[in-house]
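Subject: Structure handover and notes

Dear colleague,

Here is the structure that I promised to pass on to you. Please look at it first, and then read the notes that follow below it.

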Amino acid sequence: MASRLAKELLTKMTLEEKVSQLLQLAAPFYDEIKDDGEITGPMEELGITDAHVSGSGSVLGVSGAENVIALQNKHLENSRLGIPLLVMADIVHGFKTIFPIPLAIGCSWDMELAEASAEIAAKEAAVSGVHVTFAPMVDLVRDPRWGRVMESTGEDPYLNSLFARAFVRGFQGQDLASEKHRVAACVKHFAAYGLAEGGREYNTVDLSERQLREYYLPAYKAALDEGCEMVMTSFNTVEGIPASGNKKLMRDLLREEWGFEGVLISDWAAIKEMIAHGVAEGEEEAALKAIEAGVDIEMMTPCYVHHLPQLVQEGRVDEALIDEAVLRILELKEKLGLFEEPHRGADPEAEAQLVFSAAHREVARELAVKSSVLLKNEGGLLPLDPGQKVALIGPFAASGDILGWWSWQGSKEKAAQLGTAMQQASAQASNVVIAQGCQIESISEAEVQEAEAAAKAADVIILALGESSEMSGEGASRSDIRLPEAQLELVRRISLLGKPLAIVLFNGRPLDLHGVYDEADALLEAWYPGSEGGAAVADLLYGKANPSGRLSMSFPHTVGQIPVYYNHFNTGRPLSEASSEERYISKYLDIPNEPLLPFGYGLSYTSFAYGELVLSSDSLTAENPLTASVKVTNTGSLTGEETVQLYVRDITGEVVRPMKELKGFRKVRLTPGESAEITFEINEPLLRYYHSDLSYKSDPGRFELFIGPNSRDAAKGSFQLVR
Ligand code: NOJ
């Protein structure tokens with residue numbers, strides 16, 4: 001229900017003013033406010049007028065308290081009805097304090113820290129004048145060729161849903177009106193953008209509605225259940241219709257079925273792109289389709305402002321559709337308190353104090369520690385002893401390019417570099433000798449020889465390798481996801497020395513680890529760990545912290561195996577030990593079916609033993625759940641954190657069910673010798689799924705249950721669901 005204030009305003013607005021509210025422009029359009037005269041170019045390109053700019057409802061990509069205050073003042077001066085501007089921006093994994101990339105946060109399996117990171121991001125952004133963040137991105141991802149997997153928390157609908165909720169809580173808090181240090185969240189990209197064909201950016205998505213509901217929708221829905229204020233349409237098609245003109249998705253599902261009353265925004269230019277997709281003849285038809293689908297804000301194209309007024313006058317669009325959209329935008333402004341306090345949290349003093357504060361960076365460091373995943377550690381090479389002589393070699397040995405994509409406000413110069421942090425952590429700085437070895441994508445003999453000399457003099461070699469941050473994120477799909485050849489060459493040359501070798505990876509996607517995995521004695525996946533990344537990685541390398549991250553996305557053997565994910569089907573001709581020599585079996589001739597490193601996988605410097613899996617009963621009913629327990633013991637010599645994972649398989653369904661589905665997990669911290677009894681409740685709702693008629697229910701019958709340290713190595717039990 002629309003508020004009184006919004007309704008009253010609406011009655012005073014002309015049709016042109018209403019339609020202008022639906023326009024969102026990027027910062028350069030408002031540069032006239034700073035009098036630097038940059039306005040003409042972009043305005044001409046979009047074919048819009050001064051009146052459109054001064055009447056626009058929202059802006060994207062502006063920040064800085066003074067900037068935003070000046071912008072808002074100027075905007076209000078020009079606004080006949082005193083309607084404030086909404087300021088939106090992509091605050092994806094931090095504002096100036098940059099946290100690990102979302103895929104890394106996904107590997108922390110830590111909802112409290114994820115929430116804390118979003119809360120800090122919100123605080124820094126809010127005091128810098130931002131009202132809405134275009135986050136969380138909750139697209140489920142199975143294709144690491146797609147550069148945007150770095151923005152997602154991974155391949156599992158259950159885990160992604162928990163993170164979606166945590167991020168929304170962190171951004172929005174309890175009450176946006178009273179909490180000025182929070183920002184409204186905008187969940188994206190609705191829907192199923194993670195399934196872009198071939199992992200190619202902006203590409204087609206096509207899937208059954210059942211699959212959409214089962215895997216792709218839950219995380220968006222979870223964000224909305226947590227109160228997320230906004231939704232962004234995706235660039236892709238769904239069932240042949242681009243999301244921004246997709247009535248079935250936007251009206252029928254999002255608005256009608258889910259009851260979403262917040263603001264729906266198109267992704268950048270996505271309304272106009274319906275022309276290139278081939279479902280709209282021109283801007284007018286694109287505008288018509290988008291408004292009919294219920295898209296409230298058009299980001300960065302002028303289809304609405306150019307055509308909606310006339311479409312209404314000609315009676316082809318009901319003005320009620322426009323009123324609906326305007327009301328939702330005005331209500332969001334009201335909810336954020338912008339009518340009373342148009343500057344909201346923007347505050348230069350608070351900005352100077354809070355942004356990139358030591359307290360915020362401390363949380364970034366903690367989260368980076370929890371997000372890194374130890375993939376291999378033969379012979380216990382790690383942790384290092386502070387007295388050891390280390391050669392730290394590679395393009396990330398002394399690099400600030402560890403923030404990852406979507407860190408437009410972050411400073412690479414201020415990022416904690418690995419080399420400096422390791423020199424501080426070792427017994428004496430001279431124990432850690434740094435050599436470049438190669439660049440990200442090139443190598444010279446001189447660089448290699450310098451690196452070899454450093455390596456020969458050391459007890460241990462650490463190679464710091466990876467992708468530059470431009471190699472993932474938006475518009476950065478790769479068809480070959482190995483490390484660039486120059487770095488593989490460095491690994492070859494250095495491993496010839498036959499010395500203990502650990503590799504630390506800084507990257508934005510699961511990689512094909514050929515040329516790295518077998519060559520290294522130890523392998524630490526640090527992802528892009530953010531502003532405090534170097535310090536966090538040094539904490540892990542020297543054992544001040546014990547790795548606890550678990551993969552939230554599988555690492556393929558090779559690119560030819562993609563998509564490879566843990567919750568796959570069995571097929572009618574499954575591969576097994578007994579069938580592996582047969583031809584007519586679902587398999588590859590040259591690689592295994594399973595990924596190199598499965599979902600849920602990650603090592604620790606200590607070891608954990610799992611006791612017997614005990615079920616309280618061999619059957620359950622809707623009224624009587626059962627419990628599954630296991631005793632987990634720290635059998636090593638260091639305190640560590642284990643992530644105990646629960647998976648279920650429905651042996652016979654009305655439709656085929658995945659081999660395993662994550663249904664719960666617990667993180668436990670155990671001192672050496674300590675044990676914990678971990679108990680999960682298995683109840684009937686946990687066993688429901690979408691049937692062929694899209695009903696969501698369980699079927700009686702036999703289930704398997706797995707508890708263990710990852711999706712591959714879990715102990716198995718079984719039970720019956722009885723009606
Ligand atoms: C395009 C991206 O797909 C989206 O995620 C982002 O929020 C917008 N650009 C605005 O920057």
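Helices (H or I, at least four residues) and strands (E, at least two) are taken here as DSSP runs, numbered from the N terminus, and the expected span of a helix is 1.5 Å times one less than its number of residues. Please keep in mind that this is a predicted model, in which local features need pLDDT of at least 70 and side-chain atom pairs count only at pLDDT 80 or more, while totals for chains, interfaces and linings use all residues. Residues are numbered from 1 along each chain as its sequence is written, and side-chain values use heavy atoms, with hydrogens and water left out.

Helix α14 covers residues 319–335, and because its 17 residues should span 24 Å at 1.5 Å a residue, the 24 Å between its end C-alpha atoms agrees with expectation. Just after α14, glycine 337 takes a positive phi of about 75 degrees.

Turning to the ligand, 13 residues surround it, the closest being Asp90, Arg148, Lys188, His189 and Asp267; a residue counts as near if one of its heavy atoms lies within 4 Å of the molecule. An N or O atom in the side chain of arginine 148 is 2.7 Å from a ligand oxygen atom, a polar side-chain atom of lysine 188 lies 2.9 Å from an oxygen atom of the ligand, and for aspartate 267 the corresponding distance is 2.5 Å. On its own the ligand has 300 Å² of accessible area, and the protein covers 94% of this.

The structure also holds 15 aromatic pairs, where rings of Phe, Tyr and Trp (its six-membered ring) pair if their centres lie within 6.5 Å, and planes under 30 degrees apart count as stacked, over 60 as edge-to-face and the rest as tilted. One of them is the stacked pair of phenylalanine 163 and phenylalanine 167, with 6.1 Å from centre to centre and 25 degrees between the planes. These two residues are four apart in helix α8 (residues 157–172), so about one helical turn separates them. Phenylalanine 163 is buried at 0% relative accessibility, and phenylalanine 167 is buried at 8%. Tyrosine 566 and tyrosine 647, by contrast, form an edge-to-face pair, because their ring centres are 5.5 Å apart and their planes stand at 70 degrees. As tyrosine 566 lies in the loop between α20 (533–541) and β17 (608–610) and tyrosine 647 in strand β21 (residues 640–650), the pair ties together parts that are 81 residues apart in sequence.

Finally, some backbone details may be worth a look. The peptide bond from alanine 135 to proline 136 is cis, with omega near 5 degrees, and another cis bond joins isoleucine 562 and proline 563, with omega about 0 degrees. Tryptophan 527, although not a glycine, has a positive phi of about 55 degrees; this tryptophan 527 sits in the loop between β16 (522–525) and α20 and is buried, with a relative accessible area of 0%.

Technical notes:
A polar contact is a pair of N or O atoms within 3.5 Å; within protein, one must be able to donate a hydrogen and the other to accept it, and residues adjacent in sequence count only if both atoms are side-chain atoms. Accessible areas come from the Shrake-Rupley method with a 1.4 Å probe; for residues, only the protein chains shown count as cover. Buried means under 20% relative accessible area, exposed over 50%, partly exposed in between (1.4 Å probe, protein chains only).
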